[in-house]
Amino acid sequence: MNKKSSYQLMQGNEAAAEGALAAGVSFFAGYPITPSTEIAEILADRLPANGGKFIQMEDEIGSIAAIIGASIGGCKALTATSGPGFSLMQENLGFACLAEIPLVIVNVMRGGPSTGMPTSPSQGDVMQARWGTHGDHPIIVLTPSSVEEAFHYTVKAVNFAEKYRNPVIVLMDEVIGHMRARVSLPPESMVERVNRVQPNMPPEWYLPYERSATGVAPMASFGDGYRYHVTGLVHDAKGFPTANPNESRDNIRGLFTKIERGFRELCIVDYEQMDDAEHAIVAYGCMVLSARSALEQLRSSGRKVGLIKLGTLWPFPRFALEHYLPQLKTILVPELNMGQIYREVLRVNAGKAVIEKLNRVNGTIITPNEIVKTVKGMTR
Amino acid sequence: MSQTRIEIRLAGSGGQGLITAGIILAEAAIFDNKNVVQSQSYGPEARGGASRAEIIIADGPIFFPKATWVDIFLAMSQKACDQYSFDIKTGGVFIVDTTYVRQIPTSSAMAIPITSATRDKFGTELFSNIVALGIICETCGVVSAKALRAAISNRVPDGTEKINLQAFNFGQGLAKETIKNNNGVEAEVIEADT
């Protein structure tokens with residue numbers, strides 16, 4: 001290796017695996033699937049070498065079940081998959097939401113539905129990440145748009161999972177997952193690690209689902225002497241099934257309250273050249289790369305265009321739009337799907353600006369020129 | 001685009017090692033203190049499907065990670081040559097492996113039997129991708145030979161560094177010979193398209 005420079009060539013999937021390690025993930029269970037396989041491959045090597053555990057499971061249902069178990073056992077746990085595997089995980093993802101189990105799923109999106117286009121990029125799982133599992137539930141979904149962000153957002157995902165006792169999904173697209181770029185990652189000592197709050201009362205006083213002032217209940221690890229019940233049924237503060245309307249309400253509302261309290265922290269949004277912008281491009285994942293290139297061209301032709309880059313998709317960072325809506329005439333939402341975030345932008349916009357979408361579902365990425373052309377058409 | 005942006009596309013079929021070659025080229029660019037992005041595109045098959053690696057090298061930031069206006073193009077299959085040669089920049093470098101490419105779309109291409117020459121020299125086609133890197137290095141000078149050698153040593157399987165470096169030198173020799181015979185484009189270092 002070149003010792004002179006701290007820069008290295010790294011793939012998005014590799015950066016996500018490094019992020020998992022830096023965040024303190026000690027358990028991975030998964031089933032390899034393109035385009036996410038490198039994450040499992042790297043962690044199969046690195047985790048056991050660092051005292052962690054790696055298990056290749058029989059399928060993705062088993063994979064998420066295993067990381068739920070590991071998390072209850074006190075490990076920071078992560079799995080990686082793509083659309084078909086993510087579909088199989090939905091049932092247990094709901095279990096983890098209701099039972100409030102911290103875990104991270106990295107979904108490197110391929111073209112879909114079904115087996116779809118295994119080696120081609122897509123952003124088709126945005127709504128599946130939000131609503132794929134049944135029932136009312138909040139979810140945290142982060143989406144990196146560079147190799148470096150694949151590292152940082154995986155770290156954040158693990159930290160958010162621990163802090164909020166909630167599953168977190170890192171939604172990457174194939175472009176970011178497979179792209180290699182020059183990156184400089186921080187040393188491990190500089191990476192923030194958040195650990196779940198553990199109970200400090202005697203075991204006989206412990207109520208596993210009694211929320212503290214933060215809205216999150218302290219979580220004891222199985223084996224630490226705290227006996228408690230974990231169920232997929234709606235439960236009371238002790239963790240036992242309940243049909244009491246007040247307790248049921250508290251259970252479900254509590255899931256939402258903790259995420260609402262953390263809303264500002266959970267929403268990662270970056271703004272580029274938005275100060276004087278009259279037109280905006282709202283982009284996430286690999287579309288940010290096309291949008292940035294388009295922005296450069298549009299600005300040099302004198303158009304006042306800016307970029308709102310969504311790092312968090314869920315909860316949807318509505319304030320990011322609301323702040324700029326009064327100054328915006330048009331907004332373009334380029335996506336590698338038929339318009340999933342476009343609908344969210346429409347909802348928040350409530351008729352204030354002209355919103356257009358630019359979509360592509362052929363397994364290739366929208367080019368900067370297409371965005372330039374569309375924005376020029378809109379701003380004429 | 002305001003800053004230098006060199007786009008390289010290596011295309012052929014799965015198993016020829018072109019993605020590995022792309023990774024090596026990208027790492028060499030980092031050793032040369034350049035900014036780089038490498039992306040790839042391949043089919044679901046492990047062997048035989050279309051495979052393509054693209055490398056963007058620049059002094060400044062790189063936004064769009066895919067090639068749109070190609071400076072250097074290597075085609076190691078007829079299909080890749082047919083499909084991916086449409087957006088080569090005028091005056092760009094076009095290298096074809098005549099072992100597989102029978103119909104060359106332009107007379108300005110640099111035609112070298114990369115795979116068969118590798119087979120003749122080393123008794124295996126395994127090093128064709130590294131031979132191709134030697135040719136690219138000698139023809140275009142977009143990354144330094146020193147950096148490429150370091151990246152090759154870094155990225156090939158342990159114990160094969162020496163023979164891979166020999167393959168690289170062999171590729172450089174092939175390119176020199178081809179240029180001398182005036183059998184293809186004239187060798188010149190790519191200028192920045194400012």
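Predicted model: local features only at pLDDT ≥ 70, side-chain atom pairs only at ≥ 80, totals over all residues.
Modeller: Residues are numbered from 1 along each chain as its sequence is written, and chains are lettered from A and ligands numbered from 1 in the order in which they are written.

Biologist: Why does A:A70 count as buried?

Modeller: A residue is buried if 20 or more other C-beta atoms, placed from the backbone, lie within 10 Å of its own, exposed if 12 or fewer, and partly exposed in between. A:A70 has 24 C-beta neighbours inside 10 Å, and therefore counts as buried.

Biologist: Where in chain A is A:A70 placed?

Modeller: A:A70 lies in helix α3, residues 60-72. Helices (H or I, at least four residues) and strands (E, at least two) are DSSP runs, numbered from the N terminus.

Biologist: With which residues is A:A70 in contact, leaving aside its neighbours within four places in sequence?

Modeller: Contact requires that the C-beta atoms of two residues, placed from the backbone, lie within 7 Å. On that basis A:A70 is in contact with A:F27, A:C75 and A:A77.

Biologist: What makes β1 of chain A and β6 of chain B edge strands?

Modeller: The open sheet has eight strands in the order β1(A)-β9(A)-β2(B)-β3(B)-β1(B)-β4(B)-β5(B)-β6(B), with mixed pairing. Its edge strands are β1 (8-11) of chain A and β6 (110-112) of chain B, each of which pairs on one side only. Two strands pair if DSSP finds at least two bridges between them.

Biologist: How many bridges join strands β1 and β3 of chain B?

Modeller: Strand β1 (residues 5-13) and strand β3 (residues 50-58) of chain B pair in the antiparallel sense over nine bridges. Within this pair, B:R9 stands opposite B:E54 in β3(B).

Biologist: How many helices and strands does chain B have, and why is chain B called as compact as a globular protein of its length?

Modeller: Chain B has six helices and six strands. Its radius of gyration is taken over C-alpha atoms, and the globule rule is 2.2 Å times the number of residues to the power 0.38. The value for chain B is 15 Å, close to the 16 Å that the rule gives for 194 residues, so chain B is as compact as a globular protein of that length. Of these 194 residues, 54% count as buried.
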